[in-house]
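Here are my notes for a colleague opening this entry. Please read them with the structure in view.

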Amino acid sequence: RIIQNFKRKTTTTTTKTTTTRRQQRATKTTTTKALTGDQGIYNPPESKEEAFQQCATAIERLVNASQKKSSSNKKRAMRKQVSKRGQFLCAELPVMDDGALSTSEMALSLVFDEENTSVVYADEEAARKSAEKNGKVETFSLAEALEVEADFIASEKTGAVYLVGFGEDEVEQAVKLTKKINPSRAIVLVNAEWMHAGDGGDIYKSEIIASGKDVDSISETEKFKNQFAVVYSYLPLAIENKVFGQNAGGAIFKCVLGGAPSGTPWRILITDKDGKFSQVGAMQRRPEGEDIQNTFYNAYAATSQVNKGVGAIKSTFDKFKENLPNPFGGGG
């Protein structure tokens with residue numbers, strides 16, 4: 001089974017591993033190489049501080065690149081009188097707990113431009129802790145932000161706006177808040193408490209179209225929840241492998257340092273016997289539970305001395321299973 005340590009809280013989710021024919025196809029394990037940020041890839045972080053720094057760098061590069069592009073087209077946009085919303089970015093990081101202090105420390109570590117950045121916390125206590133720790137960064141709780149006059153952020157700041165620790169209960173309020181923000185400013189969602197594909201909304205729109213619905217029928221809240229593109233994600237995993245008699249660690253890792261966020265793959269990593277990460281899979285979309293299970297199973301199978309035996313046993317069991325009665329099929 002795989003225990004995944006999700007981004008906001010210390011609670012864990014346990015997934016039961018099931019074997020399928022697809023899992024028998026072993027994948028080759030490749031060791032991750034240390035590449036510079038200019039090449040668009042970072043090694044997974046070895047500490048909390050390193051994760052925060054990597055994330056801050058990723059956010060800074062994308063926000064600055066967008067601002068330069070917007071600046072070059074400013075006169076053209078003014079002539080057309082077009083106001084285009086800036087980037088919707090998302091960051092996902094593990095924290096020791098979801099307390100106010102840990103949340104505020106994490107958020108402040110991601111700020112790269114104190115003078116022009118605004119941070120809005122869903123939690124009032126986290127906002128207070130943040131303001132106490134760094135008075136240079138414009139800080140609000142969600143309640144405070146909604147009480148301020150319209151365009152309060154737009155009139156004073158030009159940098160990114162961080163929305164920290166927002167849950168599904170705050171989505172409607174978040175939508176109201178974004179309408180008050182200058183459209184040229186990037187919005188960075190940090191550790192949102194809802195699941196989304198993290199691709200900017202492409203997969204969600206495709207699912208809507210496939211269901212026969214009109215994309216224009218999407219509600220404001222659903223559109224908001226699914227329009228963010230993940231720029232950084234580091235989600236540690238703990239793997240309990242009873243089949244091969246060994247436990248290990250791993251992670252899902254994505255770090256965008258240039259180009260469209262969708263162009264950077266999600267990397268599935270496992271730790272080797274020396275504690276170093278090795279890449280065992282990569283996907284253009286966010287890996288789901290079954291993807292992770294299959295990838296780790298294949299990685300173990302590729303390096304296990306009993307791989308052939310497991311394959312033979314699995315084949316025999318599949319044939320035997322086909323002849324078993326279905327306990328839920330009625331007839332009894």
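1. Start with helix H4, residues 124-133. Ala126, Ala127 and Ser130 are buried there; buried means under 20% relative accessible area, exposed over 50% and partly exposed in between, with a 1.4 Å probe and protein chains only. Down the axis of H4, the buried residues fall within an arc of 100°, so they line one face of the helix. That arc is taken from the directions from the helix axis to the C-beta atoms. An α-helix has 3.6 residues a turn, so residues three or four places apart point the same way.

2. Now the surroundings of H4. On its other side, Glu124 and Glu132 are exposed. The buried residues pack against helix H3 (100-109), strand E5 (118-121) and strand E6 (138-141). Helices (H or I, at least four residues) and strands (E, at least two) are DSSP runs, numbered from the N terminus. At the start of H4, a side-chain oxygen of Asp123 comes to within 3.3 Å of the backbone nitrogen of Glu125.

3. A word on the basis. This is a predicted model: local features need pLDDT of at least 70, side-chain atom pairs count only at pLDDT 80 or more, and totals for chains, interfaces and linings use all residues. Residues are numbered from 1 along each chain as its sequence is written, and side-chain values use heavy atoms, leaving out hydrogens and water.

4. Check the confidence. pLDDT is the predictor's confidence in each residue, from 0 to 100. The protein chain has a mean of 77, and 69% of its residues reach 70 or more. Over residues 73-83 the pLDDT is below 50, and this stretch has two contacts beyond near neighbours in sequence. A contact means heavy atoms within 4.5 Å. Residues 306-332 also stay under 50, with 12 contacts beyond four places in sequence.

5. Next, strand E4, residues 88-92. Five of its five residues are buried, so the strand is largely enclosed by the rest of the structure. Phe88, Cys90 and Glu92 lie on one side, Leu89 and Ala91 on the other. Four bridges join E4 to the parallel strand E8 (residues 187-190). Phe88 has Ile187 as its bridge partner in E8.

6. Last, the cores. In the largest nonpolar core, of 38 residues, Ile59, Tyr162 and Tyr232 touch the most other members. Helix H1 (residues 48-72) gives this core its largest share, seven residues. Apart from it lies another core of 35 residues, among them Leu142, Ala174, Met283 and Tyr300. A nonpolar core is a set of buried Ala, Val, Leu, Ile, Met, Phe, Trp, Tyr and Cys residues joined through side-chain atoms within 4.5 Å.

Definitions and conventions. Pairing = 2+ DSSP bridges. Polar contact = N/O pair within 3.5 Å; in protein donor to acceptor, adjacent residues only side chain to side chain.
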